[in-house]
Amino acid sequence: MKRLRRWLGIALAVLCVAGGCAAALADGGAAETVPAAIADALSGGRWEGYRIATSSVTGEAAWDYDPDSGVGAAVVTNDRMNILCLLGPDSRGGLRVTDFSDKAVLQGDSLPCVAVAGLRVTVRYPVDTGEFDDLRYTFRRRDGVWILNNLARFDGEDTIAIEVYDAKLTYENLDTARPLGVARGVYGRRFEQFNVNTFPWTVKAAQAVLTNPPAIPASVSFYGLPQPGEIAFPSNRKYSVYTGPGTDYLRGAEGRAAMSTNDWVQVFGRVGDWLLVQYDISSEQMRFGYIEAAALPRGVSVPELALQAFPARLTEDCPVTDDPLCGGGILGIPDSRDVTFLGWLGNDWAYIETTISGVRVRGFVPAERVEDFAENGYHG
């Protein structure tokens, strides 16, 4: 049977810090020597009732520490939940938990081994005597943020390895050294986004869930919407989305429109205390809308969006959409053909404000449905 070869050359580094070493009980009751700084960081408060786990196969305590990089990692359990914790230096010369996730490890009785080497943390699920792995994956720290780097899994016949990049996943059969394909698109690779249970382990599965931020068509008009910026919002957040800059505007999706930060988000600019964004919903749908500017990560600023406010008229009744680039997201028919022109999206779409069933709405209509106001400067 083909299995993942156990990584060799990673020794368990034990550093006695913060006044010496402390004895901590690992899962199963075996006494394991754990640095006092790790024991302190994982005791009391949030970690009351948890203990450092022991690999269900090798019997190794599931922690490791690299004194050169100052990075530590441990899996803790309270018999109901298993959690992977990443540790780094604190201001007092000890260690603190910088990141943790129960989605980054399997739940139940299957408990892994952990190895730290520099700015990399590897989680392994060995089998048999520990010489081979059923599953392993590695995180690395980039620009102060932990991201998923690669994975490998035995699928019952072969070992499949996946390299994770910002805009693609590559798949290879390690046993035959045969490339299996590439899935292009954005995968949320930050530590807090990773879920070992939902990761797409095949190219086909990845192609079904990965998407790419669309190219925003440029407009020849002075009144075209600007090109957006992409901002990495904090993971695992959801924000209510309205069609305009305020809660008095229509909220799409029958009042349930919400933006997840676990996929790409394009930001076009600020309108007062609101941001005009476009975000991914599925491989077949995106949405333009507004979220509160308070959602921005700390220290990130966005320029004010220069929109127009010209009176305009539609040539005929036509639906307003919040998804002009994918063709979905119909919001409804305006109450009147008299609307407010806000700008152009490329040369094919007009961004307007109107009302639908008495509620204020911003959205897009085909450019040819807007009367030609070139004489008045609408095409700038």
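A: Start with Trp 47, which counts as buried because its relative accessibility is 7%, and buried means under 20%. Keep in mind throughout that this is a predicted model. The charged end of Arg 46 is placed over the ring of Trp 47, at 4.8 Å from the ring centre.

Trp 47 also takes part in ring pairing. The structure has 17 aromatic pairs in total. In one of them, the ring centres of Trp 47 and Phe 100 are 5.2 Å apart, and the pair is edge-to-face because the two planes stand at 85°. Trp 47 belongs to the loop between α1 (36-41) and β4 (51-52), while Phe 100 belongs to strand β8 (residues 95-101), so the pair ties together parts that are 53 residues apart in sequence. Phe 100 counts as partly exposed because its relative accessibility is 40%, whereas Trp 47, at 7%, counts as buried.

A second pair is made by Tyr 351 and Phe 364, whose ring centres are 4.6 Å apart; their planes meet at 20°, so this pair is stacked. The cut-off explains the label, because planes under 30 degrees apart count as stacked and those over 60 as edge-to-face. Tyr 351 and Phe 364 are both buried.

Strands β26 and β27 run antiparallel to each other and pair over eight bridges. Phe 364 in β27 is the bridge partner of Tyr 351. The two strands form a hairpin with two residues between them, and in this hairpin Ser 357 has a positive phi near 55°. As for β27, six of its eight residues are buried, so the strand is largely enclosed by the rest of the structure.

Rings also gather in a group. Tyr 137, Phe 139, Tyr 187, Phe 191, Phe 194, Phe 199 and Trp 201 make up one aromatic cluster. One of its members, Tyr 137, is among the residues touched by Asn 150; the others that Asn 150 touches, leaving out residues up to four places away in sequence, are Thr 138, Ile 162, Glu 163 and Val 164. Asn 150 is part of strand β12 (residues 145-154). Its relative accessible area is 17%, so Asn 150 is buried.

Asp 143 has a positive phi of about 55°, although it is not a glycine. Its relative accessibility is 74%, so Asp 143 counts as exposed. Ala 177 repeats these features elsewhere in the chain: it is not a glycine either, and its phi is positive, about 55°. The loop that holds Ala 177 lies between β14 (168-173) and β15 (178-184). Ala 177 counts as exposed because its relative accessibility is 53%.

Strand β11 also contains Asp 133. Asp 133 is buried, because its relative accessible area is 0%. The side chain of Asp 133 makes a polar contact of 2.9 Å with that of Arg 124. Pro 112 is 21 residues away from Asp 133 along the chain, and the C-alpha atoms of the two are 10.0 Å apart.

The charged end of Arg 251 is over the ring of Tyr 242, 5.7 Å from the ring centre.

Finally, the wider setting. The protein chain has three helices and 27 strands. It has 380 residues, of which 49% count as buried. Of the contacts between residues at least 6 apart in sequence, 54% join residues at least 24 apart. A disulfide is a covalent bond between the sulfur atoms of two cysteines. Zero disulfides turn up in a search of the whole structure. Among the cysteines, Cys 113 is buried, with a relative accessible area of 2%, and Cys 318 counts as buried at 4% relative accessibility.

How values were computed. Residues numbered from 1 in each chain as written. Predicted model: local features only at pLDDT ≥ 70, side-chain atom pairs only at ≥ 80, totals over all residues. Heavy atoms only, no water. Helix = DSSP H or I, 4+ residues; strand = E, 2+ residues; numbered from the N terminus. Buried < 20%, exposed > 50% of the residue type's maximum accessible area, 1.4 Å probe, protein only. Contact = heavy atoms within 4.5 Å. Phe/Tyr/Trp six-rings, centres within 6.5 Å; stacked < 30°, edge-to-face > 60°. Lys NZ or Arg CZ within 6 Å of the ring centre and 35° of its normal. Pairing = 2+ DSSP bridges. Disulfide = S-S within 2.5 Å. Polar contact = N/O pair within 3.5 Å; in protein donor to acceptor, adjacent residues only side chain to side chain.
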